[in-house]
Amino acid sequence: MSPELLSGRTESTPAIDVWSLGILLYGLLLGSVPFKSSNKEELKKMIIEQPIKFPPDCKLTAPCKELIKRMLDKDPNKRITIAEIMNQSWIGKYKE
C-alpha cells in the first residue's frame, strides 16, 4: 500500500497506481520488494518513513534507479505521473 493510504487517505488517485507500479517494477527487476517485515506495524512505518534503497550489488542503470525512486516518492504530489514515466529515457527506448 502507498504511504498515503497507510496514513489514512481513502480516495483512489493515479499517484497510488504509480506507487503500486513502482513496487512491481522494483520487484520484477530485483527479485524482492523494497520494504520487508513480518511485523505489520513495522512494515507500515518502513513504507511511510524509510527511503528507497537498492542492494549494494544492484546492477540497475542510474536512469532506472531514478525512475523507481520517483515512482516511490513518499509525497504523492511529488511522485512522477504516468505521462512523465512515458517520457523517461529508460522507458522511452521501449515505446513504439
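**Figure 1. Gln88 sits in the loop between H5 and helix H6 (89–92).** This is a predicted model, in which local features need pLDDT of at least 70, side-chain atom pairs count only at pLDDT 80 or more, and totals for chains, interfaces and linings use all residues. Residues are numbered from 1 along each chain as its sequence is written, and side-chain values use heavy atoms, with hydrogens and water left out. Helices (H or I, at least four residues) and strands (E, at least two) are DSSP runs, numbered from the N terminus. Gln88 touches Leu67, Arg70 and Ile80, leaving aside residues up to four places away in sequence. A contact here means heavy atoms within 4.5 Å. Gln88 and Leu67 are 21 residues apart in sequence. Their C-alpha atoms are 7.5 Å apart in space.

**Figure 2. Helix H2 crosses helix H4.** Two packed helices are described by the angle between their axes and the distance between the axes. H2 covers residues 14–30 and H4 covers residues 62–71. Their axes come within 8 Å and cross at roughly 145°. Each axis is a line fitted to C-alpha atoms, for helices over the stretch in contact, and angles run from 0 to 180 degrees between N-to-C directions. The crossing of H2 past H4 is left-handed. That term applies if the near helix is turned anticlockwise from the far one by less than a right angle; clockwise gives right-handed. On the H2 side, the contact is made by Val18, Trp19, Leu21, Gly22, Leu25, Tyr26 and Leu29. H4 brings Cys64, Leu67, Ile68 and Met71. By class, this contact of H2 with H4 has ten nonpolar, one polar and no charged residues. Ala, Val, Leu, Ile, Met, Phe, Trp, Tyr, Cys and Pro count as nonpolar, Asp, Glu, Lys and Arg as charged, and the others, Gly among them, as polar.

**Figure 3. The largest nonpolar core has 20 residues.** A nonpolar core is a set of buried Ala, Val, Leu, Ile, Met, Phe, Trp, Tyr and Cys residues joined through side-chain atoms within 4.5 Å. Buried means under 20% relative accessible area, exposed over 50%, and partly exposed in between (1.4 Å probe, protein chains only). Which members touch the most other members? They are Phe54, Leu67, Ile68, Met71 and Ile85. H2, helix H3 (40–49) and H4 each supply at least two residues of this core.

**Figure 4. Glu4 lies in helix H1 (residues 3–6).** Is Glu4 buried or exposed? Glu4 is buried, because its relative accessible area is 5%. Glu4 touches Arg9, Ala15, Ile16, Lys74, Pro76 and Arg79, again leaving aside residues up to four places away in sequence.

**Figure 5. Glu49 is found in helix H3.** Glu49 has 53% relative accessibility, so Glu49 counts as exposed. Glu49 and Pro3 are 46 residues apart along the chain. Their C-alpha atoms are separated by 8.4 Å.

**Figure 6. Lys69 has its place in helix H4.** Lys69 counts as partly exposed, at 40% relative accessibility. Lys69 and Tyr26 are 43 residues apart along the chain, and their C-alpha atoms are separated by 9.5 Å.

**Figure 7. Ala83 has its place in helix H5 (residues 82–86).** Ala83 counts as exposed because its relative accessibility is 52%. From Ala83 to Thr10 the separation is 73 residues in sequence and 24 Å in space, C-alpha to C-alpha.

**Figure 8. The chain has six helices and zero strands.** Along the sequence, the pattern is α-α-α-α-α-α. The C-alpha atoms fill a box of roughly 40 × 35 × 15 Å, taken along the principal axes. Of the 96 residues in the chain, 32% are buried. Among contacts with a separation of 6 or more, 57% come from residues 24 or more positions apart.
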